Amino acid sequence: MLFTSVMDAQQSRRSVLKTTGLAATVGLAGMAGCSSLGGGTGGGNAAQQINFENLGNREASENVELEFWISIGAEDLVQGIVDRFNEQSDSITVSVSNQGNYNEVWNQTQQAQTAGSPPGIVHLNAVSTLPAWAEDVVIPAEDLIGPEIDRSNFVSAVSNYYVIDDTLLGLPFGVSTVACSYNRSAFEQAGLASHPDDVELTTFDDWQTAADAVMAETEMSSGVTWPQIGWFYETFFATQGQNVVNNENGRASPATASYFDSDAARRMYEWNSSMYESNRYQLSADWSEARQAFLSGQVAVQMDSSAALAALSGGAREAGFEHGVGTVPSATTDGREGPIIGGGALFVPTGIDGAKLKAAAELMLWLSQPEQQAEWHMSTGYYPLSREAITIAEEQGFYEESPQFRRAFEQFASRPETPATAGAFTYDHGEVRTEIVNGLDRLYGGNSVEDVVSSTKSNVDDVLARASDADPRSE
């Protein structure tokens with residue numbers, strides 16, 4: 001099996017953490033201080049209305065129409081998967097609707113709760129996890145379907161972000177990481193190693209070398225690109241083993257200070273500045289601009305979400321070049337760790353009960369099963385939750401036909417589980433990412449790296465001060 005050694009290594013790491021007593025500060029399943037959050041109380045009581053002995057028959061006690069709100073741009077695909085659920089149920093009908101971006105879905109979910117009409121299931125970004133629980137917006141997934149699932153079969157890198165106080169809060173669905181795509185045809189033309197097993201894209205210097213070769217030997221105006229999204233820069237922290245914020249990346253207790261003045265931050269900004277000033281890096285404002293630059297042959301290397309791998313691979317074929325997946329870069333190979341989680345999970349909002357709550361639990365349980373997880377993974381590039389889903393993909397020859405998916409996933413699943421790779425856990429995480437982008441605007445506007453380092457730290461620290469006041473773990 002492709003991932004056997006990876007999964008064995010994960011199990012070994014968890015065993016070591018557990019027996020040495022470090023799980024509370026290193027493993028996500030033991031986030032110290034989270035027990036003071038209020039989100040598990042109301043939801044847990046509501047979930048007890050479900051007769052778990054009857055869970056799994058995909059039925060409710062009465063006819064139920066369930067709204068499923070998503071924010072991941074795959075409405076038709078998700079509806080197609082859910083339609084199979086509808087066909088197997090005589091009493092539950094689920095309709096999928098795209099409610100906008102992550103922030104819009106989060107805001108609309110809260111507004112719907114206030115109005116007394118929340119959806120049955122909602123897909124929320126990972127950074128909404130802490131406020132969703134703290135503000136009693138969601139029912140912990142394990143309270144709904146826990147007796148029917150085996151978490152020991154989960155891929156820990158995929159699930160652990162959502163395990164708080166040893167309770168699965170949301171059902172991972174749409175989990176991604178940063179993935180590095182490259183144009184194999186352009187690499188061959190530039191005299192670079194083009195086979196994924198040999199390609200050098202591991203360090204910042206490797207990316208600079210590749211850009212130089214491509215710009216010298218092809219008609220490409222720049223070498224690489226990625227969108228101006230704060231998540232990418234948090235990933236550059238994690239690949240260097242650097243926490244973004246203090247207090248174990250905000251997991252031991254609410255973060256009060258950031259590390260944007262660290263050596264890792266300086267290395268990141270100095271590399272980015274040098275790549276930009278030399279035209280090796282093509283500035284892309286958003287996802288679509290970066291994807292267009294890659295698929296139209298303006299650049300040879302692009303960083304994106306792993307969720308876009310299927311679309312990028314297909315787009316590359318249409319454009320007449322072969323798509324490869326390289327390595328998300330770090331400053332050096334010494335002490336390299338790995339990428340952080342992206343995407344989100346499925347949550348059942350508080351405020352629903354009776355047959356509707358039972359229907360939501362049935363759908364959550366069904367979507368957690370390997371068959372649905374495998375289909376979702378193979379159709380997109382989002383990562384599967386269970387090892388059984390990986391086995392299904394392997395048996396269907398998926399990784400042989402699309403090795404790009406395996407290469408991106410292995411970088412994530414094989415990473416060490418540390419506070420850095422866990423990613424920052426803060427109350428106003430979206431504002432932190434906004435300040436990262438604001439700092440990049442200053443960098444590209446001509447401000448010095450030192451100025452960007454100093455101002456970004458100051459602005460992020462201001463966000464953390466406000467977030468700490470709102471975080472119930474501070475009480």
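Q: What makes the link between the side chains of Glu234 and His429 a polar contact?
A: In this predicted model, the two side chains come to 3.0 Å. A polar contact needs a pair of N or O atoms within 3.5 Å. The value of 3.0 Å meets that cut-off, so the name applies.

Q: Why is Glu234 called buried?
A: Glu234 has a relative accessible area of 2%. Buried means under 20%. The value falls under the cut-off, so Glu234 counts as buried.

Q: Where is Glu234 found, and which residues is Glu234 in contact with, leaving aside its neighbours within four places in sequence?
A: Glu234 is found in helix 10, residues 230-239. Its contacts beyond those neighbours are Val244, Ile340, Ala424, His429, Arg433 and Ile436. Contact here means heavy atoms within 4.5 Å.

Q: How many aromatic pairs does the structure hold?
A: The structure holds 27 aromatic pairs.

Q: Why is the pair of Tyr233 and Phe236 called edge-to-face?
A: The ring centres lie 5.4 Å apart, and the planes stand at 85°. Rings pair if their centres lie within 6.5 Å, and planes over 60 degrees apart count as edge-to-face. Both values meet their cut-offs, so the pair is edge-to-face.

Q: Where do Tyr233 and Phe236 lie, and are they buried or exposed?
A: Both lie in helix 10, three residues apart, about one turn of the helix. An α-helix has 3.6 residues a turn, so residues three or four places apart point the same way.

Q: Which residues do ring pairs link into a cluster with Tyr233 and Phe236?
A: The cluster also takes in Phe204, Trp207, Trp226, Trp271, Tyr276, Tyr281 and Tyr444.

Q: What makes strand 10 and strand 12 edge strands?
A: The open sheet has five strands in the order 10-9-11-8-12, with mixed pairing. Strand 10 (281-284) and strand 12 (323-325) each pair on one side only. Neighbouring strands of this sheet are turned by 30° against each other on average, direction ignored.

Q: How do you know that strand 8 and strand 12 pair?
A: Strand 8, residues 178-183, and strand 12 share three bridges in the antiparallel sense. Pairing needs at least two bridges, so these strands qualify. Tyr182 has Gly324 in strand 12 as its bridge partner.

Q: Which strands does helix 12 lie across, and which does helix 19?
A: Helix 12 (residues 263-277) lies across strand 9 (224-227) and strand 10, at about 100° to strand 10. Helix 19 (residues 403-413) lies across strand 8 and strand 12, at about 20° to strand 12.

How values were computed
Residues numbered from 1 in each chain as written. Predicted model: local features only at pLDDT ≥ 70, side-chain atom pairs only at ≥ 80, totals over all residues. Heavy atoms only, no water. Buried < 20%, exposed > 50% of the residue type's maximum accessible area, 1.4 Å probe, protein only. Polar contact = N/O pair within 3.5 Å; in protein donor to acceptor, adjacent residues only side chain to side chain. Phe/Tyr/Trp six-rings, centres within 6.5 Å; stacked < 30°, edge-to-face > 60°. Axes fitted to C-alpha atoms, helices over the stretch in contact; angles between N-to-C directions.
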